[in-house]
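Keep the structure open as you read.

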Amino acid sequence: MKIIALEGIHFGYGSHQSEILDDLNLVINRGECHCINGATGSGKSSLLHILAGEQCRPYEGDVYRAPSLLVGLVMQDPNAQVLRQSVGAEIAFALENLGIAADLMVEKVQQSLRRVGLYTSLDTPVEVLSLGQKYRLMMAAQLVFNPSLLLLDEPWAQLDDNGVKELNGVLKALLEDGVAIVMVEHNPSAFADLVDYLWLLEGGKLRAGQRQQAQTADLVNIRPSSKPRHRECLVNIAPHQFRFIDQEPLFECEQELSLHRGEIVALVGDNGAGKSSLLKTLAGIQANITNLPITVMAKRPQLGIYGSDLGLLMQRPNRQLFEQTVLTELQFSLKRFKLPLARAEQILTELDLLKLADSSPHKLSYGQQHIIALASLVCLQPKLLLLDDPFAGLDKYHVAKVVQILLQLSAQGCGILLTSHRGLPFLAVDRYWFIENGHLGDGAQITEQANVG
Amino acid sequence: MLVNGRKANKVAVFRISATQYCAFALLLSLVLSSGAFFLPNSALGWLILVDALLVIHGVYLKNKISALLRLGVAQLALTLPLYYLIHGEGQMLEGVIVVLRVFLALLPGWWLSATQKPERIGEVLSWGLPAKWAFVIAASIGLLPYMLQETKEIYAIQCLRGANITPKALRNPKNWPELIYCVVLPVLIQLLKLSKQMAKAAKLRHFGSVSKPTHWPAKREEE
């Protein structure tokens, strides 16, 4: 049974720019799972918002909606959708707006929580949930009003492998209940068992996509051992318990870990394992933390003592952009650290992004903003670069660009520590550090196996 | 059993609901904040005493007041030199009192947001305001901790990028525009983006569908 259909949709962001959706057609029936793949900026999210009926910009074309159609949308960043402070109140928001009596709410809310496999108290503060749990909370907040169409924006990028596995189970049950699902996803293979129709959004049109081999967390890519021990040690982490003041330990580090110049180390762990907190601690900006036996460039980490020797790229790096043009954005730090301004143009040339030099960084696509934020650190030529989930939400083209930058920096002697939910088969690293079951350690076994292999 | 039942009834008579408690807290905060501006100097001591009780209550419930205290100190550090420059040494006490009044006006707001859930405040506000206004006010209060965290992170990022906004650099007023330029501006951009996304999220969850929305029960175990 057809629940929604798009016919001849034309959509663009301005009269002077080409259309990102050009005569697009799509029909979705009850219980079907559609997956839409495509480069960043190709119009995937715009299409999702048209399906949701929430596209605020005008578009041309016809949209058929079944009279009983109810749409739920889980956006890319669950934090941007949180409207309440406790789990129960968050899920009940839609029920309140539908005028459901208070005494009927509790059962409906609990049912929704069970549907997404989130077994937590209704009074649990939303802020204590991990990103993966928040994603499922947002799904529960949609399922509580029984939508017939569920739209998901890039779930794989937000979730760790356990989260993806659990989400697969939830989506399978929903499809069996007749709910139609449309997801926008850079890695469709993660949901290959569920997807009925795989689409590639290219040139404003949907074409049948090709199924790819699944990416698994076990795939790692280790560089041949280069005996770096004689090089300068940039990060040294002695055994310790990592904890916030007055809180239980987040994880325990039982062995000494170190990162030297020219090395690339990947820190892998599930959502909420403490990866970002460790990175911020290394940069000296993590508040509310106990005194830890960690040194960075032979000093106790503290904000402002490393100058241009240390660069940190946090999640959602587009937050740091504020200048009028890409070039001035890159030159900002160069000016402050009194480094040659020519480096800004040089890095843009190397990345084939010189054409963006005069563009406003705020008008770029997510992937482009990500690269510009990274380039603003790279042109400082730091000794140590800390990157928090630098590949999240990037398409293949931009992932390749980031890999190119990192390998180039490493060759120049920069030590790089980056975090991820899973293995990085597309980037050759020297070592993996894992945070598993509350323990931080060197994945030496994996390194040896990969080298032998 | 019968005696226990009577006792339970007696207790029930004096128990107020979470919504009534929130209404009382909201009213008290309004009165105390207004008092900070309208009371004569001679009555400020009493107001400090009452506000001190709010601080004890808030801290007892494990809420942090350090950010508000820092704000007060920063305001004092900014206001006193200006008073000295404009009015001279004789008016310095007046400057301290002005800062104290502003601090006392903000303190009940801290206590209210620390002890009451935004959705409960929204429910109370909806008694007298349109549901949409009540939601916007409640959502704004709920957004404050997130935006504070966001501001701290953007500040740290820009410090690492070499911006002249470290506490030491900010002693020089020449660097103040840089704080606005590379921290306040990105925070405002984030706030605009977030409010747009939140509005969309609320609309997709049927916000505005009925004129009188119901409310998530605060004390479910009683039912």
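## Where the chains meet

The contact between the two chains draws on 44 residues of chain A and 42 residues of chain B. Bear in mind that this is a predicted model. On the chain A side, the elements giving two or more residues are strand E5 (71–74), helix H2 (87–97), helix H3 (102–115), strand E16 (310–313) and helix H8 (326–336). The top contributor is H2(A), with 7 residues.

What is this face made of, in terms of nonpolar, polar and charged residues? The side of chain A that touches chain B has 28 nonpolar, 10 polar and 6 charged residues.

## Chain A in two domains

Chain A splits into domain 1 (2–208) and domain 2 (228–452). Their C-alpha centres are 31 Å apart. Where the two touch, domain 1 of chain A puts in 15 residues and domain 2 of chain A puts in 14.

On the domain 1 side of that contact, helix H4 (131–143) and helix H6 (161–176) of chain A are the elements giving two or more residues. H6(A) has the largest share, 3 residues. This side of domain 1 of chain A divides into 4 nonpolar, 8 polar and 3 charged residues.

## The six-stranded sheet

Now for a sheet in chain A. Six strands line up as E5-E6-E7-E3-E8-E9 in an open sheet with mixed pairing. At the edges stand E5 and strand E9 (205–208) of chain A, each with a single partner strand, so each has one side without a neighbour in the sheet. From one strand to the next, the twist averages 20°.

E5(A) runs parallel to strand E6 (residues 149–153) of chain A, and 4 bridges join them. In that pair, A:Leu73 sits opposite A:Leu151 of E6(A). E5(A) is also among the elements that give two or more residues to the side of chain A that touches chain B.

## Around strand E17

Further along chain A comes strand E17 (residues 384–387), and its leucines are worth a look. Which way do they point, and are they buried or exposed? A:Leu384 and A:Leu386 point one way while A:Leu385 and A:Leu387 point the other, and all are buried.

E17(A) has a parallel partner in E16(A), with 4 bridges between them. A:Leu310 has A:Leu384 in E17(A) as its bridge partner. E16(A) turns up in the chain contact too, as one of the elements giving two or more residues to the side of chain A that touches chain B.

E17(A) also pairs in the parallel sense with strand E18 (residues 415–420) of chain A, again over 4 bridges. Here A:Leu385 is bridged to A:Ile416 in E18(A).

## Chain B in two domains

Chain B is assigned two domains as well: domain 1 (1–116) and domain 2 (119–216). The C-alpha centres of these chain B domains are 22 Å apart. Their contact involves 8 residues of domain 1 of chain B and 7 residues of domain 2 of chain B.

On the domain 1 side, helix H2 (residues 18–38) of chain B supplies the largest share, 5 residues. That side of domain 1 of chain B has 5 nonpolar residues, 3 polar and no charged.

Notes
Residues numbered from 1 in each chain as written. Chains lettered and ligands numbered in written order. Predicted model: local features only at pLDDT ≥ 70, side-chain atom pairs only at ≥ 80, totals over all residues. Nonpolar A, V, L, I, M, F, W, Y, C, P; charged D, E, K, R; others polar. Domains from an automatic or database assignment. Pairing = 2+ DSSP bridges. Axes fitted to C-alpha atoms, helices over the stretch in contact; angles between N-to-C directions. Buried ≥ 20, exposed ≤ 12 C-beta atoms within 10 Å, placed from the backbone.
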